[in-house]
Amino acid sequence: MSLFRRNDASLWRRKLARGLILVVARQSECVRRLAPTPQPGTGELRMQPVLHGRCQVVLYPMAGAALPAGRFTVVWDGPGVDGIAAELDVAAGAGWHAVDLVIPAIAERVWCRFASRDGCEHPTLVHWSPYPGGAQLKLLIQGILRRMPGWLRRGVQQVWIRRLENRKPTHPWSWEQITAVSRLDRKAMQQHAQAAGWDQARIRIWVDGRGTSKAQVEMTLQSISASAVDSLRPGVIGDAGPLQNDIPQVADIAEAVAVTTDAWLAIVPAGAELAASAGYWLAHAVHSDAELIFTDACDPQAWPDQGGMVLSGDFDPEYFRDSGRLPGLVCMRTAGAQQLTEPAGTAGWMSWVAAGIAMQPPTAIAHVDEVLLRLPEARHDGMVAQPLVPEGWVRVPLQSGEFSLRPQLPEPMPRVAVVIPTRDRVDLLRMCVGSLRALTAAPELEICIADNDSVEAETHAYFDELKAAGVRVLPCPGEFNFSRIVNRAVAATVADFVLLLNNDIEVTDPDWLQEMLAHAQRPEIGCVGAKLFFPDGRIQHAGVTIGLGGLAGHPMRFYPGDSAGYLNRLRHVQSYRAVTAACLLVRRSIYEQVGGFNETDLAVAYNDVDFCLRVEQAGYRNIWTPHARLIHHEYASRGLDIDPVKAARYARECEYLREHWGTQSPVDRYYHRLLTHADETCSLTPTPWGLRPWLVTICDDE
């Protein structure tokens, strides 16, 4: 019996021979332009030479433009065969799109094609990157296995499975991988910076060598000098001995700030490493109107199962006020830093940063979402600022022994209208209202039960009890429409603040509503959300991130209840684009300003997400606080939408959210683009590299 099947033997031999060549061949990445075709809004490119095997293709727009909506395809043909290697729907406005594909070893011609939906000018660049030989070898072995008889294939697979089960898990990312700069990248960065005038930027990077060895200082200085774009100027804080190239040395941070003559400065600990692309990205960023710039970092002390990657969203004043942290390299305008008074009793750079941030609006703080700094494993304290207590705020002790900052509440506290939609399930309603009235310390509550056609006698008996106790029961008959029920109930109340509460919420903490109300009264704040737990103690809601799963999701859902979360985010007040209406507090004036919930398009699903986004669109910020803690018996009252009618409605509402808010693209500024959008785990994406705008200058040069 032959080991391989004999059909298409000639084709298989050619495929195997070319596959073996791919394993050892070195295929170079390339950047090419799409050439316009006679048909408006389309572009086409024939790849020469053809890159075979496993590759990644990135589609970029023209410099300074955005991609139009359209369809991108990669097709190939060979000796009597052809196929489609990739088909990608491109969303409008995105900066770039990437797709992984496989070009068979027998392919002789490959075309890239793009067609916009509205006839707009086609994108310019296609960046084609082959995977290394290991990936090609895996692809070849998979092809060989498919040619084996079934009994032999199953045996080999069993051996592989046993080896995989015994292998320790490893993380696919590393500092070296995410910061790798090829010869093509380095050349393109230099050309792009020169063409744009960024190469004239000068940023003074002070290496804090106090209490460290000269070897650590030298390592950091070497990484600065290895920058692809020559925009970084080194200096040393502390006595590191004689240094080369007349590098200036000062005694402390105050002196470093005072003697700096460059437009920007930053301070990094000795032993840290800067990425080769740091000079390019920082030179780009300092030409903005920002007063302070921060990047992402690799920190071996933080989140080790994520490869130490500290990936932050855009600047969030709430999170910084509560935590005192910015993740990576922090640069300040020298003029602004020199106007500050030296922070008393501290020697840490972050104390200077905190003082600078206190003088600027949040819009003046820019984020470069690239990992540009690897912190040393052992370093002196100074990466965390002592939280500044703004005027009108107080430090509130927490059960953990720590403190949180909270705005002072006025006296007397304003009333809160509590809207609770329900239909029967008197057991849940009794739990919700009973715990709400018994455990909520303050403020005064105006409770309104919005009843959607309850029919059970026990439910109506409980309604009578509530009415006798001064609780309003508002009939809301008709087909279940959560948005309509909420809007009608809110209109029937008069308090200045509105709390939307599910009937399956259980109150456990007497101060939860005071915490939410303290933030909701701030003029810049829109919706305030709470920390919700499943009955078994796991996290149910810690904010809503737009774009998860192509719609919206709860990051860190199902984390253990005592978990700190990714970057300690489960323990700090922070901004989110949306929070859940299972427990949502908002000023009545804001609710009426945006028109309440959308009754027409979002009767059941995602109406709270849409509402929060409209509040944000009106100029407010939505926040979430971990210090308001409640239990959410999720799906206990309604169940899941699994019957055909409900499923069809859910699909329509999902489509509305995607179309109206563009959730199929990463659109949440508080969530890093390198964190996965496929689920709610806050794990890393499969590919660590991102946008490479410098490639526009080297297109077709290779």
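**Sheets, burial and cavities in a predicted model**

Modeller: Let's start with an open sheet of five strands, in the order β2-β3-β8-β5-β6, with antiparallel pairing. Its edges are β2 (35-36) and β6 (82-90); each has a single partner strand, so one side of each lacks a neighbour in the sheet. This is a predicted model, where local features need pLDDT of at least 70 and side-chain atom pairs count only at pLDDT 80 or more, while totals for chains, interfaces and linings use all residues. Residues are numbered from 1 along each chain as its sequence is written, and side-chain values use heavy atoms, leaving out hydrogens and water.

Colleague: What makes strand β3 and strand β8 pair?

Modeller: Two strands pair if DSSP finds at least two bridges between them. Strand β3 (residues 42-46) and strand β8 (residues 109-116) have five bridges, in the antiparallel sense, so they pass that rule. In general, strands of a sheet pair through backbone hydrogen bonds, either parallel or antiparallel.

Colleague: How many helices and strands does the chain come to?

Modeller: The chain has 18 helices and 32 strands. Both are DSSP runs numbered from the N terminus: helices are H or I with at least four residues, strands are E with at least two.

Colleague: Why is Pro269 called buried?

Modeller: Buried means under 20% relative accessible area (1.4 Å probe, protein chains only), exposed means over 50%, and partly exposed is in between. Pro269 has a relative accessible area of 6%, so it counts as buried. Pro269 sits in strand β13 (residues 264-269). Across the 702 residues of the chain, 55% count as buried.

Colleague: Why is strand β20 described as largely enclosed?

Modeller: Four of the five residues of β20 (residues 403-407) are buried, so the rest of the structure largely encloses that strand. Strand β19 (residues 393-397) runs antiparallel to β20 and is joined to it by five bridges. Within that pair, Val396 stands opposite Ser404.

Colleague: What makes helix α14 mostly covered?

Modeller: Seven of the 10 residues of α14 (residues 482-491) are buried, among them Phe482, Ile485 and Val490. The cover for those buried residues includes β21 (416-422), β22 (445-451), α16 (588-594) and α17 (607-617).

Colleague: How many cavities of 30 Å³ or more are there by this rule?

Modeller: The count comes to five cavities. On a 1 Å grid over the protein atoms alone, a cavity is a set of points where a 1.4 Å probe fits but cannot get out, and lining residues have an atom within 4 Å of a point. Grid points are joined across faces, edges and corners, and a volume is the space filled by probe spheres set on the points. The largest cavity has about 120 Å³. It is lined by 16 residues, and Arg569, Gln574, Tyr576, Tyr670 and Tyr671 are the closest to its centre. Strand β30 (residues 574-576) gives the most to that lining, with three residues.

Colleague: Which residues lie nearest the centre of the second largest cavity?

Modeller: They are Ser312, Asp314, Asp316, Tyr319 and Arg569, out of 14 lining residues. The second largest cavity has a volume of about 90 Å³.

Methods. 1 Å grid on protein atoms, 1.4 Å probe; cavity = no way out; pocket = protein on both sides within 12 Å on 5 of 7 lines; lining within 4 Å. Contact = heavy atoms within 4.5 Å.
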